[in-house]
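Please read the following report with the sequence and the model side by side.

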Amino acid sequence: MSIAIALAGNPNAGKTTLFNELTGARQQVGNYPGVTVEKKQGTCVSEAGTFEIIDLPGTYSLTAYSLEEVVARDYLVNEKPAMVVNIVDASNLERNLYLSVQFMEMGIPVCLALNMMDVAQKRGIEIDVDKLSALLGIPVIPMVARTGKGKNELLAQVVKGIDKPAAPLLISYGQDIDKALDEMEKIITANQFLTDIYPARWVGLKYFENDAQILELGADRDKETAGKLMDIGEKLHRHMSATLDTHPEGMIADQRYGFINSVLKQNVIRFAHDRNRLQRSDQIDKVLTNRFLGPLIMVGVLAALYQFTFTYSALPVGWVEGLFSWISGVTDAALPDGLLKSMIISGIIDGVGGVMGFVPLIMFMFLGISFIEDSGYLARMAFMLDRVFRIFGLHGSSVMAFIISGGIAGGCAVPGVMAARTLKSPRERLATLLTVPFMNCGAKLPVYALLVAAFFPGKQATIMVILTLISWVGALLVAKLLRSTVIRGEATPFVMELPPYRFPTLKGLWIHTWERTWQYMKKAGTVILGISILIWAMMTFPGLDDKTKAQFESRRTAITDTAPAEVLTEIETADKDAELSPEAREVTSALAGIDGQESLTRLENSFAGRIGKTLEKVSYLAGFDWRTNIALVGGFAAKEVVVSTLGTAYSLGDVDPESTDSLGERLAKSPGWGPVTAFALMIFTIFYAPCFVTVVCISRETGSWKWAAFSVGFNTALAFALSVLTYQVGSLIVN
Amino acid sequence: MTVINLRQMKRNQTGIITSVKAQGEMGRRIRDMGIVPGKEITIQGRAPLYDPVALRIMGFTLTLRNNEADYIQVEVE
Ligand SMILES: Nc1nc2c(ncn2[C@@H]2O[C@H](COP(=O)(O)OP(=O)(O)OP(=O)(O)O)[C@@H](O)[C@H]2O)c(=O)[nH]1
Ligand SMILES: [Mg+2]
């Protein structure tokens with residue numbers, strides 16, 4: 001039988017490091033049911049026995065304010081692990097014990113893993129382990145998780161401790177509260193109010209702390225008793241505000257810290273130096289968060305991250321793309337022409353290839369971010385930028401997601417959306433997730449390049465700067481709008497620890513990176529496969545009727561029949577890259593012209609085409625004709641598709657099929673196109689629905705399809721409004 | 001000895017917390033991090049735009065926005 005143990009503790013105390021040390025990083029990573037907080041489980045086989053280990057999210061407290069806290073507490077209460085291993089940072093003992101006290105109040109079996117003893121020693125902090133253990137009444141094991149020192153002692157202690165029942169720790173919270181708690185305890189025990197789950201006194205404590213989860217559960221279970229407890233709580237609150245100018249919630253926290261202080265004061269801890277003296281970290285901070293140097297260095301770090309992610313991943317991205325085009329080439333040769341082949345190549349291989357193409361990018365991005373996060377620099381970035389982002393209802397940490405998504409033109413919203421994970425505050429995170437797709441990702445750039453070359457020759461740089469500014473201003477204003485409407489709510493407090501700088505371990509970085517990448521591949525992959533088949537179907541069906549097909553076929557035969565025989569043999573036998581004679585070239589280009597017309601007609605007749613035609617009724621307001629509409633619909637698959645679909649849609653029509661004009665030149669000549677239309681189209685491209693890979697990621701990261709659907713609907717509506725405005729105002733000015 | 005608001009403290013100034021008025025989520029988060037009466041804090045620095053503020057308490061560094069610091073009274077020399 002394996003023994004279930006849970007690792008719990010403050011953020012950054014070393015839980016994951018110990019977890020990896022114990023399980024050898026053989027783990028299952030998932031999410032807790034219904035929420036996107038990571039859940040890690042693993043097995044540890046050792047001399048002491050076999051253990052089932054779970055890595056709980058890091059929390060500072062056990063109130064039910066943040067998702068992490070709810071998850072950790074629910075797990076402890078519902079799953080009842082044999083032992084909670086509470087990892088505390090020995091170099092920061094006093095604050096870490098605040099959570100330990102709360103475990104002990106709950107009366108669950110707990111032991112202290114006193115981690116980072118090496119750091120404590122270096123800082124001249126001496127801890128009397130035996131005394132601490134005696135005063136708290138729980139086992140305390142000193143250790144260094146990074147090297148695995150102390151882990152066997154820990155496991156032995158766990159085995160020894162599992163059969164001993166733990167009694168809730170009783171602390172005095174001051175006369176008033178103690179008295180009221182006694183009264184509550186009687187009521188709770190008499191009515192067996194939630195006592196099947198929690199200790200009686202603890203439930204009372206939660207009523208004083210206004211714990212939303214317990215209050216709700218209590219009201220559900222037994223309204224009458226809950227009402228009585230609420231009354232006692234309110235009475236005490238009034239009394240304490242009147243006489244002591246404080247409130248129970250504050251008093252309880254004060255007394256917990258008071259208890260910790262009284263334990264530590266009994267010669268448990270000794271400091272060789274003043275503990276607030278400047279550490280090396282603080283010296284580094286003097287430079288890195290300096291008023292003038294700080295922002296400059298930050299720009300440098302962001303640029304480096306960007307460079308790293310997008311430059312170095314280009315090579316492996318190329319390999320993956322090469323692999324998929326090879327597979328699609330092989331398939332092309334192996335299968336007979338037809339619907340099945342078209343579905344396998346355009347639907348499945350291109351779709352899956354599109355997703356897998358992002359994998360190296362995502363890995364590099366997570367590697368870079370993990371480095372910045374694990375080293376402690378991310379917290380400093382948030383610190384420096386918070387004042388700016390807060391104006392728009394965001395958080396200092398939002399910057400990372402914006403930059404990755406294309407805040408400096410050329411990023412990608414898929415890793416950007418995932419980068420929002422580093423945000424711990426739910427409302428700010430949601431607002432960030434929903435606005436990062438407005439950034440100019442790499443796939444939008446070909447669209448701009450095409451339009452700028454055709455309609456704003458020589459102004460490449462100016463237009464790019466303008467577009468970058470528009471996307472930032474737009475994203476921040478929309479964030480503000482969302483935060484004052486659908487995601488309304490007070491700013492989450494910026495009470496944040498600046499952890500000491502640490503050099504990340506390679507193992508830690510690798511695990512971090514791989515885990516997140518694998519989740520992306522697994523979950524996003526399946527959904528995306530389905531959607532890409534759907535999009536393929538929309539652009540393929542219902543196909544052409546036999547009559548139309550026959551017409552194209554007869555036009556083709558008309559050409560081949562009139563061509564001289566030696567020209568036809570030349571075409572058939574020639575190598576792919578070989579130079580053809582002028583006569584042969586004429587024939588092939590005439591044939592290609594007909595093929596092109598056929599695919600245009602098919603596209604026009606497809607569901608996507610019909611949508612495009614239908615949309616023309618409104619899209620003319622923004623200057624878009626049905627071909628542009630199809631291209632934009634196709635752009636939902638991936639923004640690059642806008643250019644290739646425009647290519648298909650404009651390759652023919654009124655223009656001479658043999659013309660060698662580039663797509664840009666052809667657009668420039670087309671009636672209805674001009675700089676104003678082009679600019680309106682660029683505005684639309686910035687703001688409209690994110691590509692579906694991003695949409696899938698948004699739904700995964702928010703845990704609901706609702707927000708994904710919102711981002712498609714809202715963004716498209718916004719984009720349309722803005723592009724109509726641009727087109728109409730622009731037309732007035734130009735004419 | 002005077003009691004002032006945390007927002008008014010200067011860089012490197014040290015003081016003892018006398019009261020924390022915040023309630024609800026903000027109050028909870030502030031207290032969870034050890035901002036309770038009786039604790040000594042030292043201002044370590046401010047962000048380039050003067051907000052948030054970084055302070056040293058119980059041997060670690062904590063950041064707070066100015067409007068959160070407003071709830072905290074500190075006794076200084
Ligand atoms: N010097 C030293 N560093 C350690 C020790 N244990 C962990 N670390 C480092 O502390 C940092 C944080 O460790 P994690 O294991 O990620 O902490 P965590 O508790 O999982 O943090 P969250 O997941 O944010 O809650 C990492 O950089 C570790 O390498 C230790 O015993 N000594
Ligand atoms: Mg962790």
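## A charged pair between the chains

In this predicted model, the side chains of D51(B) and R387(A) meet in a salt bridge, with N and O 3.6 Å apart; a salt bridge here is a side-chain nitrogen of Lys or Arg within 4 Å of a carboxyl oxygen of Asp or Glu. Side chains of opposite charge can pair when their charged atoms come close. D386(A) and R65(B) form another such bridge, at 2.6 Å from N to O. This pair also crosses between chains, since D386(A) lies in helix α17 (residues 377-391) of chain A, while R65(B) lies in the loop between β5 (60-64) and α2 (66-69) of chain B. Helices (H or I, at least four residues) and strands (E, at least two) are DSSP runs, numbered from the N terminus.

Both D386(A) and R65(B) are buried, where buried means under 20% relative accessible area, exposed means over 50%, and partly exposed lies in between (1.4 Å probe, protein chains only). Through shared partners, salt bridges join D386(A), R387(A), R390(A), D51(B) and R65(B) into one network.

## The interface as a whole

The contact between the chains takes 47 residues from chain A and 40 residues from chain B, contact meaning heavy atoms within 4.5 Å. About 3,900 Å² is buried between chain B and chain A, and carbon and sulfur atoms give 53% of this area; buried area is the accessible area (1.4 Å probe) that two parts lose on being put together, summed over both. Seven salt bridges are found across this interface. There are also 17 residue pairs in polar contact between chain B and chain A, both residues being at pLDDT 80 or more. A polar contact is a pair of N or O atoms within 3.5 Å; within protein, one must be able to donate a hydrogen and the other to accept it, and residues adjacent in sequence count only if both atoms are side-chain atoms.

On the side of chain B that touches chain A, the elements giving two or more residues are α1, β3 (40-46), β4 (53-57) and β5 of chain B. The largest share of that side, eight residues, comes from α1(B).

## A bridge within chain A

Over all chains, the count comes to 32 salt bridges. One of them joins E497(A) and R95(A), whose closest N and O atoms are 3.2 Å apart. The pair links distant parts of the chain, for E497(A) is in strand β10 (residues 496-498) and R95(A) is in helix α3 (residues 93-106), 402 residues apart. Both E497(A) and R95(A) are buried.

Helix α3 of chain A also holds N96(A), which counts as buried because its relative accessibility is 2%. Beyond four places in sequence, N96(A) touches N10(A), A13(A), I87(A), V88(A) and D89(A).

## An enclosed helix

How many of the ten residues of α18(A) are buried? Ten of the ten are, so this helix is largely enclosed by the rest of the structure. Its buried residues pack against α13 (293-312), α16 (359-375), α17, α19 (413-419), α20 (426-435) and α22 (460-484) of chain A.

S398(A) belongs to helix α18 (residues 398-407) and is buried, with a relative accessible area of 0%. Leaving out residues up to four places away in sequence, S398(A) touches F389(A), L423(A) and T432(A). E428(A), in helix α20 of chain A, is buried as well, at 1% relative accessible area. E428(A) and S398(A) are 30 residues apart in sequence, and their C-alpha atoms are 7.9 Å apart in space.

## Confidence and conventions

The mean pLDDT of chain A is 86, and 94% of its residues reach 70 or more; pLDDT is the predictor's confidence in each residue, from 0 to 100. Over residues 652-659 of chain A, pLDDT stays under 50, and the model has twelve contacts beyond four places in sequence for this stretch.

Residues are numbered from 1 along each chain as its sequence is written, while chains are lettered from A and ligands numbered from 1 in the order in which they are written. In this predicted model, local features need pLDDT of at least 70, side-chain atom pairs count only at pLDDT 80 or more, and totals for chains, interfaces and linings use all residues, while side-chain values use heavy atoms, with hydrogens and water left out.
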